[in-house]
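The sequence and the coordinates are shown first.

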Amino acid sequence: MTIAYAVERVGAEEAFDLLTRSGYFEGITLKVDAADVGQAFDGSNLVVTARHDGLLVGVVRALTDFSRHCFVASVAVDPNCQGQGVGRQLISRTHEAAGGAHRIVLFVHSAPWATVFYEKLGMVREPNSFSLNNVD
Ligand SMILES: CC(C)(COP(=O)(O)OP(=O)(O)OC[C@H]1O[C@@H](n2cnc3c(N)ncnc32)[C@H](O)[C@@H]1OP(=O)(O)O)[C@@H](O)C(=O)NCCC(=O)NCCS
């Protein structure tokens, strides 16, 4: 399967469709619609995509200062393309686009079912990370 990767902006409907297809929203009780997803993508300054025959099959949405830090906010791969290295490529290309592994610290808050994925990429659990999360 030929996958084309790019740094590009992605529309609300296309992003929402992929996130839904991927299973990204499973286990999330908060109601999220395409407008919410569009707002999140518009507010993020680095989006890396994977496309097969033009169809969006993978995406990383991240916020970075292009200097020291990159916060990965969403990762999703189409179920038909999962387990083929697309997620790994997307994270690697995001890291590169933000400034590279020798300069940029990459952060992610993992869903419970995705922790092994990040471990496989060489990411480590941080004992000193904090969040303030009163979101319903
Ligand atoms: C998590 C996700 C992004 C992984 O993408 P992917 O393209 O399937 O991942 P890759 O094929 O690049 O996998 C890289 C490695 O991680 C492993 N891996 C991927 N997902 C895994 C999972 N859920 N559990 C255990 N291992 C996993 C792969 O087996 C592979 O291991 P290998 O290097 O030993 O072969 C994808 O499964 C997905 O979109 N899931 C639904 C949305 C989601 O949960 N997003 C993350 C929210 S934090």
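How many residues surround the ligand, and which are the closest?

## Ligand surroundings

The ligand is surrounded by 19 residues, and the closest are V75, V77, G85, R88 and W113; a residue is near a molecule if one of its heavy atoms lies within 4 Å of it. The model is predicted, so local features need pLDDT of at least 70 and side-chain atom pairs count only at pLDDT 80 or more, whereas totals for chains, interfaces and linings use all residues. Residues are numbered from 1 along each chain as its sequence is written, and side-chain values use heavy atoms, with hydrogens and water left out.

A polar backbone atom of V75 is 2.7 Å from a nitrogen atom of the ligand. An oxygen atom of the ligand lies 3.2 Å from a backbone N or O atom of Q84. From W113, a polar side-chain atom lies 2.6 Å from an oxygen atom of the ligand.

## Strand pairing

Helices (H or I, at least four residues) and strands (E, at least two) are DSSP runs, numbered from the N terminus. Two strands pair if DSSP finds at least two bridges between them. Strand β1 (residues 4–7) is antiparallel to β2, with 4 bridges, and A4 stands opposite R51 in β2. Between β2 and β3 there are 7 bridges, again in the antiparallel sense; here A50 stands opposite G58 in β3. The hairpin of β2 and β3 has 2 residues between the strands, and D53 takes a positive phi near 50° in it.

Strand β3 (residues 55–64) also pairs with strand β4 (residues 69–77), in the antiparallel sense and over 7 bridges. V60 stands opposite V75 in β4. These two strands form a hairpin with 4 residues between them, where F66 in the turn has a positive phi of about 55°. Strand β4 runs parallel to strand β5 (residues 105–108), to which 4 bridges join it, and C70 stands opposite L106 in β5. From β4 the chain passes through helix α3 (residues 86–98) to β5 in a right-handed β-α-β crossover; right-handed means that, with the strands pointing away from the viewer, the path from the first strand over the helix to the second runs clockwise.

In helix α1, A15, L18, L19 and S22 are buried; buried means under 20% relative accessible area, exposed over 50%, and partly exposed in between (1.4 Å probe, protein chains only). Down the axis of α1, these buried residues fall within an arc of 100°, so they line one face of the helix. The arc is that of the directions from the helix axis to the C-beta atoms. Their cover includes α2, β3 and β4, where contact means heavy atoms within 4.5 Å. Just after α1, G23 takes a positive phi of about 95°.

Helix α2 (residues 34–42) has A34, V37, G38 and F41 as its buried residues. An arc of only 100° around the axis holds them, which puts them on the same side of α2. A35 and Q39, on the other side of α2, are exposed. Among the elements that cover the buried residues of α2 are α1 (12–22), β2 (46–52) and β3. At the start of the helix, a side-chain oxygen of D33 comes to within 3.1 Å of the backbone nitrogen of A35.

Strand β2 is largely enclosed by the rest of the structure, because 6 of its 7 residues are buried. In strand β4, V72 counts as buried at 7% relative accessibility. Leaving aside neighbours within four places in sequence, V72 is in contact with V60, R61, A62, I91, L106, F107, V108 and H109. The C-alpha atoms of V72 and L46 are separated by 9.2 Å, although these residues are 26 apart along the chain.

T94 lies in helix α3 and is buried, with a relative accessible area of 0%. A polar atom of the T94 side chain lies 2.7 Å from the backbone oxygen of L90. Beyond its neighbours within four places in sequence, T94 is in contact with L46, V48, V60, A62 and C70.

Notes: A polar contact is a pair of N or O atoms within 3.5 Å; within protein, one must be able to donate a hydrogen and the other to accept it, and residues adjacent in sequence count only if both atoms are side-chain atoms.
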